[in-house]
Amino acid sequence: TRSRALIQPPLPATSHSSRLFCVRARGPQNSNPGRQRGSGRCVKEKGSTPFPAVGECYLATPDNAPAGITFWMVSGTVERVDIDTNEITTRSGAGIGNTEGRIIDMFGERIQTSPLPDGSGNLLAYVPRDQSDKIFRVMFQSDGERIVRFWSGRLPWAEELGGCSAQ
């Protein structure tokens, strides 16, 4: 069976997780995934893992979830969720392995398609109709035919292709 990812409300910058996240610092200070900044190791033992400092972007993976989920934490808030597994789909059933045509059939005029800068495929952006959701996107990356990964989040993070440190 496929899982459905749920996004929790934003967390204050001083929040801590209790064995939920293993923080992965990315960027010039620590380019070694799976390591908490400053500690040199991934904290999964007793206690809590501090969320990132205000103004910085980190990637975090949930300990007790299917592999292939990555949260972008910015100033203590989950700004984006990346999905790199076919075990998780959108509520509508869209996900990895679908064709570009299937995504366009599912969402119609709400999909805006553009080529990836490196020419390796396309980016299909689901743009919500509701005014209250205008700052959010669901992005589907294809190899030119099939979806190979997707993510959802708030702008500008949802449109970022260069990774957390690019902002």
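Mentor: Buried means under 20% relative accessible area, exposed means over 50%, and partly exposed lies in between, with a 1.4 Å probe and protein chains only. This is a predicted model, in which local features need pLDDT of at least 70 and side-chain atom pairs count only at pLDDT 80 or more, while totals for chains, interfaces and linings use all residues. Residues are numbered from 1 along each chain as its sequence is written, and side-chain values use heavy atoms, with hydrogens and water left out.

Trainee: Which elements does the chain have, and in what order do they run from the N terminus?

Mentor: Helices (H or I, at least four residues) and strands (E, at least two) are DSSP runs, numbered from the N terminus. The chain comes to one helix and 12 strands. Their order is β-β-β-β-β-β-β-β-α-β-β-β-β.

Trainee: What share of the residues of the chain counts as buried?

Mentor: Contact means heavy atoms within 4.5 Å. Among contacts between residues at least 6 apart in sequence, 43% join residues at least 24 apart. Of the 167 residues, the share that counts as buried is 42%.

Trainee: Is Trp72 buried or exposed?

Mentor: Trp72 belongs to strand β6, residues 69–74. The charged end of Arg80 sits over the ring of Trp72, 4.0 Å from its centre; the rule asks for NZ of Lys or CZ of Arg within 6 Å of the ring centre and within 35 degrees of the ring normal. With a relative accessibility of 3%, Trp72 is buried.

Trainee: How many aromatic pairs are there?

Mentor: Rings of Phe, Tyr and Trp (its six-membered ring) pair if their centres lie within 6.5 Å; planes under 30 degrees apart count as stacked, over 60 as edge-to-face and the rest as tilted. By this rule, the number of aromatic pairs is four.

Trainee: Why is the pair of Trp72 and Trp157 called edge-to-face?

Mentor: The ring centres of Trp72 and Trp157 are 6.2 Å apart and the planes stand at 65°, so the pair counts as edge-to-face. Trp157 is in the segment after β12 (147–154), and the two residues are 85 residues apart. Trp157 is buried at 11% relative accessibility. The deciding plane angle is 65°.

Trainee: Which residues form one aromatic cluster?

Mentor: Phe107 and Tyr126 make an edge-to-face pair, with 5.1 Å between centres and 70° between planes. Phe107 is in helix α1 (residues 100–107) and Tyr126 is in strand β10 (residues 122–126), 19 residues apart. Both Phe107 and Tyr126 are buried. The aromatic cluster is formed by Phe107, Tyr126, Phe140 and Phe150.

Trainee: Why is β11 described as largely enclosed by the rest of the structure?

Mentor: Two strands pair if DSSP finds at least two bridges between them. β11 runs antiparallel to β10, with four bridges, and pairs with β12 in the antiparallel sense over seven bridges. β11 is largely enclosed because its buried residues number six of the seven.

Trainee: What does the side chain of Ser142 contact at 2.3 Å?

Mentor: Ser142 is in strand β11 and is buried, with a relative accessible area of 2%. A polar contact is a pair of N or O atoms within 3.5 Å; within protein, one must be able to donate a hydrogen and the other to accept it, and residues adjacent in sequence count only if both atoms are side-chain atoms. The side chain of Ser142 reaches the backbone nitrogen of Gly144 at 3.0 Å. At 2.3 Å, the partner is the side chain of Glu100.

Trainee: Which residue of β12 stands opposite Ser142?

Mentor: β11 and β12 form a hairpin with four residues between them, and Gly144 in the turn has a positive phi of about 105°. The residue opposite Ser142 is Ile147.
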